[in-house]
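Dear colleague,

I am handing over a structure for you to look through, and below it I have set out what was found. Please keep the structure open beside the text as you read.

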Amino acid sequence: MNLTPREIVEELDKYIIGQSKAKRAVAIALRNRYRRSKLPKQLREEITPKNIIMRGPTGVGKTEIARRLAKLVGAPFIKIEATKYTEVGYVGRDVESMIRDLVEVAVRMVKDEKAHQMEDKVKPIVEGKLVDAICDTRRAVNMQVDKTIVEQELKEGKLENENVEIYVLDSQKPMLAIGGPEISLGSMFDGILPQKHKKRRMSVARARELLTSEECDKIIDKDNVYAEAIRRTEEEGIIFIDEIDKIIGKAGGSNNQDVSREGVQRDILPIVEGSTVATKYGNVKTDFILFIASGAFHVSNIEDMIPELQGRFPIRVDLDNLTKEDFKRILVEPKNSVTMQYASILAVDNIDLHFTDDAIDEMAEMAFAENETSENIGARRLHTIMESLLEDISFNASDTLPKTEVVIDKNYVQNAFKETKRKFDLKKYIL
Ligand SMILES: Nc1ncnc2c1ncn2[C@@H]1O[C@H](COP(=O)(O)OP(=O)(O)OP(=O)(O)O)[C@@H](O)[C@H]1O
Ligand SMILES: [Mg+2]
């Protein structure tokens, strides 16, 4: 990962409107990982990451930033919900599992890379197996088989959709349920239980994928993969802790819930501070993992967090409330904008959906007004508005009808919300 902070922000800009402070903060934190990795070893050991807390109202892009970051970084990255560790009866439930999950991501990453490098090497073996499987499958139904023709047709890509029977590793792992959460025994016994092969029927294309990954598995040096995965986890790993405010009780609070929440903070502390966690691939030092936390902090404050944990999150960024202008941009600008999503979904059923500028304006206005008068749910309001706006069209569209162009203009929006709008107005008086 050697995108510059500017480049990271540019990437994030494609999906998230505004929130430039938060984008800058995460971009700098990411780049600092890279900068650190270029330093001599002794100095590197001295520099721990500056963890970040993002604070801001609901639905303004906190989780979205994390999701986009994950796709961008090319480093082991996981997003966890802090609340996962507060379930009743599970106070401080195995917080170390977040490190294990992170290593798991790293292992998959390294494995994929290695497999990619091996693809050419295993190709002849896989194609050979495919030819045999196709011939056998055909013979089983008494078809005449000419191996050379099969080879030729396979090469020309003519057989991709034909069904074949192949033996594949049985990936079903035994599960054990101990009065609640199911625990997969599979991984515990990896390498101990004999691997079972099972005959399965599938398309040639799918069979090629499975055989390729099996053949790659055979020649990839697992120890190398695990060592590299652990190195990457320790040096480049990023953990995004979402909803961190939910594990913060009221200052000085002493009811059960507050105590349990504080317990979770105490459990998380050593991981954020730096400790060693045992995983099935080896020990992982957590000292240099970057943590980015986020929360709405409606009821609690960062200052209510236990001081030791606060100290480990020196960088605080506030996300801004979204304005009507932001809403307008969110509707059309992001690569995966809401309007684009609906247009593509309805295109499947022959609807050619367009929005006029004044319709966008009207929707943004409505979203903003509704957030003001009822609960403020940020950009999520746009989804609810789009959903009810297009309800009628969504219901009536079907691919048996001819292609129809539908233009949503201001009038359409106003009509669709006539009823609701009156309700908004009434609410003003009721409140
Ligand atoms: N600034 C933004 N730019 C583009 N889309 C946004 C923005 N903010 C929110 N959205 C959209 O709104 C939805 C909710 O946003 P997100 O999940 O990031 O909220 P959040 O800040 O994490 O809120 P919460 O505190 O409730 O978890 C997402 O679908 C996202 O695409
Ligand atoms: Mg969120």
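**Strands, helices and the ligand**

Strand β1 and strand β11, which covers residues 315-318, pair in the parallel sense over four bridges. Please bear in mind throughout that this is a predicted model. Within this pairing, I52 stands opposite I315 in β11.

Strand β1, made of residues 52-55, also pairs with strand β10, residues 290-295, again in the parallel sense and over four bridges.

In what order do the five strands of the open sheet stand? The order is β2-β7-β10-β1-β11, and the pairing is parallel. Because β2 (77-81) and β11 stand at the edges, each with a single partner strand, one side of each is left without a neighbour in the sheet. From one strand to the next, the twist averages 20°.

Turning to the helices, two packed helices are described in general by the angle between their axes and the distance between the axes. Helix α1 (residues 5-13) packs against helix α2 (residues 20-37) at an angle of about 135°, and their axes are 8 Å apart. The crossing of α1 and α2 is right-handed.

Finally, there is the ligand. Which residues are the closest to ligand 1? They are T58, G61, K62, T63 and A379, out of 17 residues that surround ligand 1. Helix α4, which covers residues 62-73, gives the most to this shell, with three residues. Sorted by class, the shell around ligand 1 holds seven nonpolar, seven polar and three charged residues. The shell also draws at least three residues from domain 1 (5-104 + 235-318) and at least three from domain 3 (324-420).

With best wishes

Conventions
Residues are numbered from 1 along each chain as its sequence is written. Chains are lettered from A and ligands numbered from 1 in the order in which they are written. This is a predicted model: local features need pLDDT of at least 70, side-chain atom pairs count only at pLDDT 80 or more; totals for chains, interfaces and linings use all residues. A residue is near a molecule or strand if its C-beta atom, placed from the backbone, lies within 6 Å of it. Helices (H or I, at least four residues) and strands (E, at least two) are DSSP runs, numbered from the N terminus. Ala, Val, Leu, Ile, Met, Phe, Trp, Tyr, Cys and Pro count as nonpolar, Asp, Glu, Lys and Arg as charged, and the others, Gly among them, as polar. Domain bounds come from an automatic or database domain assignment. Two strands pair if DSSP finds at least two bridges between them. Axes are lines fitted to C-alpha atoms, for helices over the stretch in contact, and angles run from 0 to 180 degrees between N-to-C directions. A crossing is left-handed if the near helix is turned anticlockwise from the far one by less than a right angle, and right-handed if clockwise.
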